[in-house]
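Here is a guided walk through one model. Keep the coordinates open as you read.

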Protein chains: 2
Amino acid sequence: MDARHAILFEPVRIGPKTLPNRFYQVPHASGFGSGKPRTQAAFRAVKAEGGWGGVCVEYAPVSPDSDDLPAISAEIWDDLDARALGLAAEAIHAHGSLAGLELYHGGASCPNGNSRAVRLAPSQITSGVQWAGLAKEMDTTDIARIQRDWVQAARRARDVGFDIVYVYGAHGYLMTQFLSAHANRRADGYGGSLANRGRFWLETLAAVRDAIGGDCAIATRIAVHGDSGVPGAEGLPGIHLDDMLTLVKMADDLVDLWDVTVGSWPEDSGTSRYFPEGHERRWAHQVREATAKPVVAVGRYSSPDLMAEVIRSGAVDLIGSARQAIADPFLPRKIAEGRLDEIRECTGSNVCILREEAFNHIGCVQNATAGEEYRRGWHPESFRAAADPNRPVLIVGAGPAGTECAVVLGKRGFTAVHLVEAEPEIGGRLRWARQLPTLGDWGRIIDWRAVQLARHIPVWR
Amino acid sequence: MDARHAILFEPVRIGPKTLPNRFYQVPHASGFGSGKPRTQAAFRAVKAEGGWGGVCVEYAPVSPDSDDLPAISAEIWDDLDARALGLAAEAIHAHGSLAGLELYHGGASCPNGNSRAVRLAPSQITSGVQWAGLAKEMDTTDIARIQRDWVQAARRARDVGFDIVYVYGAHGYLMTQFLSAHANRRADGYGGSLANRGRFWLETLAAVRDAIGGDCAIATRIAVHGDSGVPGAEGLPGIHLDDMLTLVKMADDLVDLWDVTVGSWPEDSGTSRYFPEGHERRWAHQVREATAKPVVAVGRYSSPDLMAEVIRSGAVDLIGSARQAIADPFLPRKIAEGRLDEIRECTGSNVCILREEAFNHIGCVQNATAGEEYRRGWHPESFRAAADPNRPVLIVGAGPAGTECAVVLGKRGFTAVHLVEAEPEIGGRLRWARQLPTLGDWGRIIDWRAVQLARHIPVWR
């Protein structure tokens with residue numbers, strides 16, 4: 001390992017737990033939820049195997065009135081759900097990493113296709129994302145019940161082995177709806193002043209801490225209003241920084257890990273076309289200065305030099321990752337072993353999100369094995385040796401698919417792979433696309449394959 | 001029963017089976033698929049109980065490369081799927097009706113979110129409805145394999161008790177893709193001439209008939225190009241009538257029941273705003289003149305006089321229904337018993353389709369019990385007697401919800417229901433909406449409740 005990167009491998013204490021290093025896969029959707037538990041477990045476990053010290057599952061609704069159908073989420077409504085999700089915790093632990101679960105309620109944003117429950121929100125608001133129906137203004141009975149659901153879900157999460165349990169307050173969902181003066185028009189103790197708007201979130205944090213604080217680290221995810229102001233599907237672009245810093249100070253005793261996001265989905269998970277690596281950095285940095293607890297933020301970082309510099313600068317304590325951890329589950333281990341040219345860099349094309357949202361099954365243009373670890377037994381770094389390695393193979397076209405095919409065959413030990421291409425360079429249509437303004441990161445698809453080709457397919461034409 | 005309606009209650013022979021009457025619930029989606037088998041069974045059974053002589057489930061993909069996720073369909077890929085669907089057949093039989101299953105392959109239109117299988121189509125076409133990816137042109141191995149899948153699915157359908165098995169050829173899916181000169185650009189025996197384009201469909205019909213023809217009625221659903229030419233999500237608005245009539249004659253020996261649709265979804269299931277009752281009639285009539293077999297077509301018919309006239313005219317043999325059978329599962333029985341004022345007429349607002357497509361769970365503005373027969377034990381015609389019938393109830397507002405509430409309370413035996421309304425008439429915003437051009441049918445929501453109110457809530461103000 002390069003000594004400059006050693007800082008990335010320092011352990012970090014979060015509440016009663018210790019992360020083995022600073023690589024942290026933040027919660028993100030996969031399409032597997034609690035309904036495909038072995039697919040979920042294998043998808044997360046490969047990241048732990050690859051060296052991510054903390055690995056989270058996706059958001060987990062605590063109540064049936066936060067039901068995601070027709071999308072898939074990790075419901076934790078009963079013990080059977082919890083057992084299903086526990087497989088992921090177990091699989092993550094097998095590699096020495098900590099497992100996190102993001103407990104969640106979507107409020108006005110829930111489709112509730114399965115439960116057909118009435119949507120709930122701090123006030124009678126419409127959803128930015130769902131058709132057909134206003135949310136009901138929550139009365140104090142509703143508030144107390146959802147807080148009980150949250151505590152019960154937290155106990156279940158702890159009981160099946162999760163180390164980190166979230167009180168999810170970002171991305172325009174129920175907690176953000178309470179925090180937002182736009183969505184929260186209540187006149188009671190849960191609306192009006194910032195302290196009142198924060199009450200639901202603070203009470204829930206306190207209740208979860210009371211229930212499981214000695215056993216698990218309590219994380220919370222917050223959304224700071226960013227530069228773009230793009231509201232996202234939920235209609236709420238985050239809480240303005242000054243207010244957020246006040247809230248951070250109010251909640252700091254209740255929190256073991258701050259997971260800072262910027263804006264709503266279109267900004268937080270922004271494509272490389274519009275958002276450069278690390279665009280969240282200055283917001284996270286300001287939150288970190290307001291708290292005594294560790295901070296994680298994503299940045300689609302793929303450069304270990306930059307990651308180390310971000311840590312040294314004091315912007316964050318942990319390198320958060322969703323997309324880069326999909327593209328290369330083995331990134332931490334490759335850094336630890338000095339194999340930097342092996343890193344599959346995320347392109348920020350957001351095909352992962354498209355696949356997850358449109359088809360309920362995640363995928364990745366850089367890592368073809370993503371999401372197929374269980375069902376097909378695919379692994380991003382190990383490939384079955386060829387039974388007949390001397391059988392010649394002809395591949396016509398050296399675009400992304402042709403080059404990937406050649407690389408995999410090379411790794412499997414095929415000795416006579418003939419990759420033919422009419423153009424003088426590999427890359428197919430990406431040779432052109434990567435030259436367009438702001439699409440340079442798409443070229444990583446080709447760069448990675450070019451390095452691999454040179455290593456595994458010595459002769460091609 | 002009015003003697004004019006007796007014709008609707010004549011039995012109709014279809015292949016080896018006999019429908020007890022002319023009321024036929026055609027296949028339509030519910031969101032229940034094979035994954036919620038008891039919900040599916042109860043939703044269909046209530047229609048059989050209400051007198052529909054034939055009751056079908058929704059489309060049932062025969063192969064994993066026709067996988068509907070993130071939508072839900074009635075996969076019949078293995079014996080466990082078939083057993084799940086068999087519960088519906090059993091529940092339908094319990095009321096003396098015949099059960100139908102619509103075997104299906106979507107071709108280029110399949111999301112394949114679960115299977116991630118490559119889409120297949122007669123030619124390398126794009127889908128009108130799916131993102132990300134061309135379909136692969138099927139080779140003869142693919143064609144033979146899908147036909148084997150179809151036959152295997154047909155055997156499974158028969159073995160779990162279905163009486164009517166479809167070879168689904170409408171709505172822009174795989175068979176229509178073969179039939180269409182636009183989508184089918186093949187140069188082999190499955191493309192080019194009309195006979196060649198029909199080969200896949202005809203071969204599949206023959207193979208299914210060989211396998212189960214003695215045991216089950218073989219139905220096929222076809223799409224005739226209508227007036228609108230709206231292509232629908234699948235990009236294919238149906239086959240022009242002249243070609244379709246030629247195909248009908250070619251296939252007539254292989255078919256026991258012709259299920260005629262017009263155009264693709266936006267026309268076939270058109271809203272009342274754009275399509276009047278019975279707009280499919282003249283197309284169905286022409287198909288009926290070309291065949292020796294019974295014909296069914298939908299028409300969102302709610303008037304028994306019109307239904308009887310449509311039968312007498314020779315346009316169809318069976319009154320097909322999807323939306324009207326959702327709005328009133330007991331329509332046939334009400335006609336048989338002369339209770340015409342009890343019929344809940346479909347509004348054609350297509351909220352059923354919205355609920356099914358957006359939330360994977362069907363619902364209805366006229367029949368609040370639709371889709372909740374199993375989970376909540378709701379029934380469109382029977383209501384639990386009030387435990388405390390003399391308890392007074394105040395309902396504020398006599399719009400659709402307030403009037404529905406009053407009617408249900410009345411049917412439950414509450415004697416002191418006070419429905420108050422500021423306006424001189426009931427109906428809420430629908431009083432205005434129903435007066436808009438082409439939205440008259442929406443007023444059925446109010447008309448039905450007005451009749452019921454008068455019967456069950458004698459005094460209200």
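Some ground rules. This is a predicted model: local features need pLDDT of at least 70, side-chain atom pairs need pLDDT 80 or more, and totals for chains, interfaces and linings use all residues. Residues are numbered from 1 along each chain as its sequence is written, chains are lettered from A and ligands numbered from 1 in the order written, and side-chain values use heavy atoms, without hydrogens and water.

Stay with A:Ser321. A:Ser321 belongs to strand E12 (residues 318-321) of chain A; strands (E, at least two residues) and helices (H or I, at least four) are DSSP runs numbered from the N terminus. A:Ser321 counts as buried because its relative accessible area is 4%. The cut-offs are under 20% for buried, over 50% for exposed and partly exposed in between, with a 1.4 Å probe and protein chains only. Beyond its neighbours within four places in sequence, A:Ser321 is in contact with residues including A:Tyr24, A:Trp52 and A:Val298. Contact here means heavy atoms within 4.5 Å.

Now move to strand E9 (residues 217-224) of chain A, where A:Thr220 lies. A:Thr220 is buried, at 0% relative accessible area. A polar atom of its side chain lies 2.6 Å from the backbone oxygen of A:Val167. Strand E9 of chain A also holds A:Arg221, which pairs with A:Glu102 in a salt bridge, the closest N and O atoms being 2.8 Å apart. The partner A:Glu102 sits in strand E5 (residues 98-104) of chain A, 119 residues apart from A:Arg221. A salt bridge needs a side-chain nitrogen of Lys or Arg within 4 Å of a carboxyl oxygen of Asp or Glu. A:Arg221 is buried at 4% relative accessibility, and A:Glu102 is buried at 2%.

In chain B, B:Arg221 forms a salt bridge with B:Asp259, at 3.3 Å between the closest N and O atoms. B:Arg221 lies in strand E9 (residues 217-224) of chain B and B:Asp259 in strand E10 (residues 257-262) of chain B, so the bridge ties together parts 38 residues apart in sequence. Over all chains there are 72 salt bridges. A network of them links A:Glu277, A:Arg300, A:Glu345, A:Asp441 and A:Arg444.

Next, the rings. The model has 24 aromatic pairs over all chains. Rings of Phe, Tyr and Trp (its six-membered ring) pair if their centres lie within 6.5 Å; planes under 30 degrees apart are stacked, over 60 edge-to-face, the rest tilted. B:Phe23 and B:Trp52 are edge-to-face, 5.7 Å centre to centre with 85° between the planes. B:Phe23 is buried at 0% relative accessibility, and B:Trp52 is buried at 1%.

Last, the interface. In chain B, 24 residues are in contact with 24 residues of chain A. The two chains bury about 1900 Å² between them, 52% of it on carbon and sulfur atoms. That area is the accessible area (1.4 Å probe) lost on being put together, summed over both parts. Across this interface there are 2 salt bridges. A:Arg116 and B:Glu372 meet in a salt bridge, 3.1 Å from N to O.

Methods
Polar contact = N/O pair within 3.5 Å; in protein donor to acceptor, adjacent residues only side chain to side chain.
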